[in-house]
Amino acid sequence: MIYKKNKLILDGFDVVYLGKKYKTPLYCYSLKKIKDNIQKLKTNFKKINPLICYAVKANANLSILKEIKNNNLGADVVSIGELIRAIKAGIKPKKIVFSGVGKTSAEIEYAITKNILLINAESKSEILEIERIAKLKNKIVNIGIRLNPNTDAKTLSQISTGKKENKFGIDQKVFLQLVNYSKRSKYLNLKCLSVHIGSQILSHKPYQDMLRVVEKVVKRSDHKFEYVDLGGGMGINYDNNNNKLDLKKYSKKIEEFLKKNDCKIIFEPGRSIVGNSAILITKIIYIKEGTKKDFIILDAAMNDLIRPALYGAYHRIIPTKKTKKITNKIYEFVGPICESTDTFTTVKKYQKLNEKDFLVICDVGAYGTSLASNYNLRPKPIEILIKGSKIQIIKKRQKISELM
Ligand SMILES: *Cc1c(COP(=O)(O)O)cnc(C)c1O
C-alpha cells in the first residue's frame with residue numbers, strides 16, 4: 001500500500017474508488033501479498049524443506065484456500081467444516097493435518113475415511129477414541145501426539161497455547177506414556193510429535209525454548225517420529241515498527257535440531273500467510289464530539305473485526321486521503337455496536353477527519369472474517385480479492401433478508 005498524490009493505493013487500485021464501488025465495510029485482499037508471504041516462508045526455510053500446512057482457521061474463504069492450494073501448501077484444520085472446505089478447495093488429504101482438543105467421533109471418523117496425513121491427538125481419551133474407530137473400520141490410522149512443552153510464547157495471554165495452564169497438548173510425562181501405548185496399538189501408527197505454543201510470536205527465543213523441550217522429549221520417547229510438527233504462530237508487524245520475527249534465526253535452530261533428529265518438519269502458519277494481505281475499508285458515519293475526545297463512528301464494527309475487542313489487539317487505522325491538517329483532539333475509532341468493547345483504537349495528533357471520509361483498518365487478513373459474526377443482526381461484509389489488474393468478489397455481502 002502506498003500513497004500516490006496523497007491518495008491511498010493498493011496494488012494499483014484507489015482505495016476510495018473501491019469503497020465507493022463495493023460499499024463499506026469491505027474486506028479487500030491482495031493476492032500478491034499472499035504469494036509474497038508464502039514465498040518468504042519457502043525461502044527462509046529452504047534448508048529445512050518443510051511441509052507447510054496453512055492454518056485454515058486464520059481465513060477460511062474458499063477462494064483464498066484455492067489460491068493457497070495453487071501455491072502447493074497443505075492445510076491444518078480444526079473442525080470437520082474446515083476439513084471439508086480444504087478438500088473442496090482441492091487440497092490433497094495427504095497434505096492435511098487435523099488439530100484441536102475436542103474432535104468429536106463424527107469428525108474423527110470422517111478424517112479416517114478421507115485418509116488425511118495426520119490426526120494430531122491432544123488427550124488420552126482422544127487417542128482411545130481414534131483407536132476405537134480405527135478398529136471398527138479395520139484401518140491403521142496415522143496419528144501425531146501434541147506435546148505441551150510448557151513454553152512461554154511471550155505473546156498476548158489470550159493467544160498463548162503452550163503453557164501448562166493452557167488446555168492444549170499433553171504434558172511430558174503423560175506424553176511418554178501415550179507414546180508407549182500408541183506404539184503397541186495395532187490400529188495406530190504414531191508418526192508425529194506436534195507442538196504449537198501460541199500466536200503472534202515476534203521473537204525466535206520462545207521457539208528456541210520449545211525446540212529444546214521437543215528434542216528432550218523425542219530422545220526420551222525412544223521412538224522414530226517421521227514428522228515433527230512445529231505448529232504456527234509466526235508473528236507479523238501490526239504496528240509498522242519493523243519488530244519482526246527473525247525467520248532465519250528460527251530456521252537455524254531447526255537446522256541444528258535436524259542434524260540430531262532425522263525427520264520431516266511440518267509448519268502450520270496462518271497469520272503469517274494471510275495477516276497482512278487484507279485491509280478493511282470503512283466509512284465514517286458520524287463524528288461525535290465529546291469533552292475529552294471525539295468518537296469517530298465507523299460503519300465497521302466488532303462483528304466485522306473482533307480482534308481488538310477480544311484480545312485488545314492493535315490494528316493501525318490510516319486515512320485514504322492524506323492531508324496536512326492535524327487536529328489537537330484525541331480520536332477514538334469505534335463501531336456502531338451496542339457494546340463498550342466495540343472500539344478499535346485511540347489516537348492523538350491525527351489528521352483532521354470529516355464525516356463520510358473513508359478509512360482503512362490494516363492487516364485484517366487473519367482472524368478477521370473467520371471470526372466475523374452477525375451480532376446486532378449485522379450482515380457479514382463483502383470480500384474482494386485483487387488479482388493483478390482484476391478484482392474478484394470472493395464473498396458477497398450478506399443480505400438482511402438472509403438473516404431474517
Ligand atoms: C491457530 C493455530 C495455528 C495457526 O496459528 P497462527 O498464529 O495463525 O500461525 C497453527 N496450529 C494450531 C494447532 C493452531 O491452533
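Predicted model: local features only at pLDDT ≥ 70, side-chain atom pairs only at ≥ 80, totals over all residues.
A residue counts as buried when its relative accessible area is under 20%, and Cys 192, at 0% relative accessibility, is therefore buried. The structure holds zero disulfides, helix 5 and helix 6 pack at an angle of about 55°, and the axes of helix 6 and helix 7 cross at roughly 10°.

**Cysteines**

- A disulfide requires a pair of cysteine sulfur atoms within 2.5 Å, and the structure holds zero disulfides.
- For Cys 192, the closest cysteine sulfur belongs to Cys 263 and lies 8.8 Å away, so the two are too far apart for a bond.
- For Cys 362, the closest cysteine sulfur is that of Cys 28, at 12 Å, which is likewise too far for a bond.
- Cys 362 also counts as buried, because its relative accessibility is 0%.

**Helix 5 against helix 6**

- Helix 5, which spans residues 105-113, packs against helix 6, residues 124-136, at an angle of about 55°, with the two axes 10 Å apart, and that angle makes helix 5 oblique to helix 6.
- The crossing in which helix 5 passes helix 6 is right-handed.
- On the side of helix 5 the contact is made by Ser 105, Ile 108, Glu 109 and Ile 112, while helix 6 contributes Glu 126, Glu 129, Ile 130, Arg 132, Ile 133 and Ala 134.

**Helix 6 against helix 7**

- The axes of helix 6 and helix 7, the latter covering residues 172-184, come within 11 Å of each other and cross at roughly 10°, and because angles under 35 degrees count as roughly parallel, helix 6 is described as roughly parallel to helix 7.
- Helix 6 makes this contact through Lys 124, Ile 127, Leu 128 and Glu 131, and helix 7 makes it through Leu 178, Tyr 181 and Ser 182.
- The residues of the contact of helix 6 with helix 7 divide into four nonpolar, two charged and one polar.

- Asn 303 is placed in the loop that runs between strand 14 (294-298) and helix 11 (307-311).
- Although it belongs to a loop, Asn 303 is buried, with a relative accessible area of 1%.
- When neighbours within four places in sequence are left aside, Asn 303 is in contact with Ile 337, Leu 371, Ala 372, Ser 373, Tyr 375, Arg 378 and Pro 379.

Methods. Residues numbered from 1 in each chain as written. Heavy atoms only, no water. Axes fitted to C-alpha atoms, helices over the stretch in contact; angles between N-to-C directions. Helix = DSSP H or I, 4+ residues; strand = E, 2+ residues; numbered from the N terminus. Parallel < 35°, antiparallel > 145°, perpendicular 65-115°, else oblique. Left-handed = near helix turned anticlockwise from the far one by under 90°. Contact = heavy atoms within 4.5 Å. Buried < 20%, exposed > 50% of the residue type's maximum accessible area, 1.4 Å probe, protein only. Nonpolar A, V, L, I, M, F, W, Y, C, P; charged D, E, K, R; others polar.
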